[in-house]
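Please keep the sequence and the structure in view while reading.

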Amino acid sequence: MRIPCPFCGERDLSEFEFLGDAALQRPDPTAPEALERFVDYVYLRDNPQGIHSELCQHRYGCRSWLVVERDTGTHDIASVRLAADRSACVSAEVA
Amino acid sequence: MFHREYSILRLVVEAARGHRDWRPLWRHGAPQSAYDAIIVGGGAHGLAAAYYLAREYGMRKVALLERSWIGSGNAGRNTTIIRSNYLLPANTRFYEWSLKLWEGLERALNYNVMVSQRGLVNLFHSGAHRDAFIRRGNAMRLMGIDAELLDRADLRRLCPAIDLDNARFPILGALAQPRGGTVRHDAVVWGYARAADHLGVDIIQDCEVTGFLVNGSRIDGVTTSRGRIRSPRVGLAVAGHSSRLAKLAGLRLPIESHVLQAFVTEGVKPLVHNVVSFGAEHFFINQSDKGGLVFSGDIDGYNSYAQRGNLPIVEQVCESAVALMPALGRLRILRSWGGVVDMSMDSSPIIDKTAIDGLYLNAGWCYGGFKATPASGWSLAHLIATGESHPLARDYRLDRFATGRLIDERGIGPFPARH
């Protein structure tokens, strides 16, 4: 598996570390159901067979945090973008 | 029963008849329309559960559904190790019961599964590492499990191939479990299948479960590639694909699927007599009876259902192999393969009821499903037959993640890729 880093170009898998599902949203800790939501957030996963978007760091390269869209059945990579852009999108939606 | 039992007398009689009367180990049939219980997943765990349901709980109308052929998944992809050297009481109890069942399994199944208690040797490399292993060994002995501390002289005698004076990770000693060892994995599948079949269990291969029939909050059966099959009790034993199956029932699990690779070298004369694990890296090795060295290490570290991994882990595992036993550098790897494992959020399994009455879950086996096979099947059978958790598996609850009663052997936290 080779991952195209937006800064460094296509690099070997050994330079990257995966953190897991990028779709998870940290719940609002002040919400009344915060406890249940945090249990879901910390422990439960969709774990799809097929396209999965996951947080990944180019740890032994430029150290950027990335969102990699990848097929868990074939390891084919559909897209890679900066996680920072994702948070920008998310905060824009929230605002 | 004579035509079924295996014995020396039977062998003599069959030989005299020219070996014409041996029968297939299990029947191949179409599913009936309804059963008292259905087990989904024809791996070793599912087959064991079906066998114990019939033997211990007297259920005769049991179906085992497998989408491919039995033993085609992780049952045939593991490194065949059995042991019970855990630290936390929930795991120690459960895996020791499993090891005891392994010790009597061949007699129970009337089938040679080649249980070989050749001893398990876990190496340590520093004073702190030794202290942690002494603590673990004491925890085991308090539960009545065998554990011994070995020094360098013991190791030199047991396994001369080990490089005790590795410059970076010198080996100071080891914690050993003499009753640990290996079992022939495919024979476990065939042995359980044959014994379950003799007790009336229908083993249905090429039958993929595509959905669940739910009536209100109760399970009513499954839909499959070979039609609807009704049953008031359904047990899932599909580790690797637990999330995928659970999703069909509307459940979301504390599990990620990851790929774990394993390797075997060309066959050589006896070189590694025990199961040996390196303490500096995650690496474990044993030698099969055919002579091939079977070894494995870490999971690849990303979600995968692919049953094949990538090269960085191949490199890491081979580096570990050569660091531990430099002579292995002269061998060629014959095969490598990958298995898809359920990595749970605390590295321990789940055997529990679900939100749907009558639907039971056996999942989250991480690296260690094979050695758990007998106790896992036993506990799932108990759960399905009685509706209550077996005392040995009562801590493997699905709600432990919400209540905080996690069973995290290494204290890693909810990061499956790092367990």
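Leaving aside neighbours within four places in sequence, Val341(B) is in contact with Asn74(B), Gly240(B), Glu256(B), Ser257(B), His258(B), Leu260(B), Ile299(B) and Cys366(B). The model discussed here is a predicted one. Val341(B) belongs to strand 17 of chain B, which covers residues 333-344. One of its contacts, Asn74(B), is 267 residues away along the chain, yet the C-alpha atoms of Val341(B) and Asn74(B) are separated by 7.7 Å.

**Relative accessibility**

Is Val341(B) buried or exposed? With a relative accessible area of 9%, Val341(B) is buried, because buried means under 20%. The table sets this residue beside others.

| Residue | Relative accessible area | Class |
|---|---|---|
| Val341(B) | 9% | buried |
| His185(B) | 13% | buried |
| Asn47(A) | 2% | buried |
| Tyr41(A) | 24% | partly exposed |

His185(B) is found in helix 7 of chain B. Beyond four places in sequence, His185(B) touches Ala75(B), Gly76(B), Arg77(B), Asn78(B), Thr80(B) and Phe370(B).

**Two helices that cross**

How do helix 3 and helix 10 of chain B pack? Helix 3 (residues 89-103) and helix 10 (residues 369-386) of chain B meet at an angle of about 95°, and their axes are 8 Å apart. These two helices of chain B are therefore roughly perpendicular to each other. On the side of helix 3, the residues in the contact include Phe94(B), Trp97(B), Leu101(B) and Trp102(B). On the side of helix 10, they include Phe370(B), Lys371(B), Pro374(B) and Trp378(B). The residues of this contact comprise ten nonpolar, four polar and one charged.

In soluble globular proteins, nonpolar side chains tend to be buried together. The largest nonpolar core in this model has 56 residues, of which Ile39(B), Tyr52(B), Phe94(B) and Tyr192(B) touch the most other members. Several elements of chain B each supply at least two residues of this core, among them strand 1 (37-40), strand 2 (62-65), helix 3, helix 7 (185-198) and helix 10. Helix 2 of chain B gives the most to this core, with nine residues. Not counting residues up to four places away in sequence, Tyr52(B) touches Tyr57(B), Leu101(B), Leu105(B), Tyr192(B), Pro374(B), Gly377(B), Trp378(B) and Ala381(B). Another core, of 30 residues, lies apart from the largest one and includes Val39(A), Tyr43(A), Cys207(B) and Val234(B).

**Aromatic rings**

A pair of aromatic rings is described by the distance of the centres and the angle of the planes. Over all chains, the count comes to 18 aromatic pairs. In one of them, Phe38(A) and Tyr41(A) have ring centres 6.0 Å apart and planes at 90°, so the pair is edge-to-face. Phe38(A) and Tyr41(A) are three residues apart in helix 1 (residues 34-43) of chain A, which places about one helical turn between them. In chain B, ring pairs join Tyr51(B), Tyr52(B), Trp97(B), Tyr192(B) and Trp378(B) into a cluster.

**Positive phi angles**

Most residues other than glycine have a negative phi. Which values are found for Asn47(A) and Arg63(A)? Asn47(A) is not a glycine, yet its phi is positive, at about 50°. Asn47(A) sits in the loop between helix 1 and strand 4 (51-57) of chain A. Arg63(A), also a residue other than glycine, has a positive phi near 65°. Arg63(A) is located in the loop between strand 4 and strand 5 (65-71) of chain A.

Key
Residues are numbered from 1 along each chain as its sequence is written. Chains are lettered from A and ligands numbered from 1 in the order in which they are written. This is a predicted model: local features need pLDDT of at least 70, side-chain atom pairs count only at pLDDT 80 or more; totals for chains, interfaces and linings use all residues. Side-chain values use heavy atoms; hydrogens and water are left out. Axes are lines fitted to C-alpha atoms, for helices over the stretch in contact, and angles run from 0 to 180 degrees between N-to-C directions. Helices (H or I, at least four residues) and strands (E, at least two) are DSSP runs, numbered from the N terminus. Angles under 35 degrees count as roughly parallel, over 145 as roughly antiparallel, 65 to 115 as roughly perpendicular and the rest as oblique. Contact means heavy atoms within 4.5 Å. Ala, Val, Leu, Ile, Met, Phe, Trp, Tyr, Cys and Pro count as nonpolar, Asp, Glu, Lys and Arg as charged, and the others, Gly among them, as polar. A nonpolar core is a set of buried Ala, Val, Leu, Ile, Met, Phe, Trp, Tyr and Cys residues joined through side-chain atoms within 4.5 Å. Buried means under 20% relative accessible area, exposed over 50%, partly exposed in between (1.4 Å probe, protein chains only). Rings of Phe, Tyr and Trp (its six-membered ring) pair if their centres lie within 6.5 Å; planes under 30 degrees apart count as stacked, over 60 as edge-to-face and the rest as tilted.
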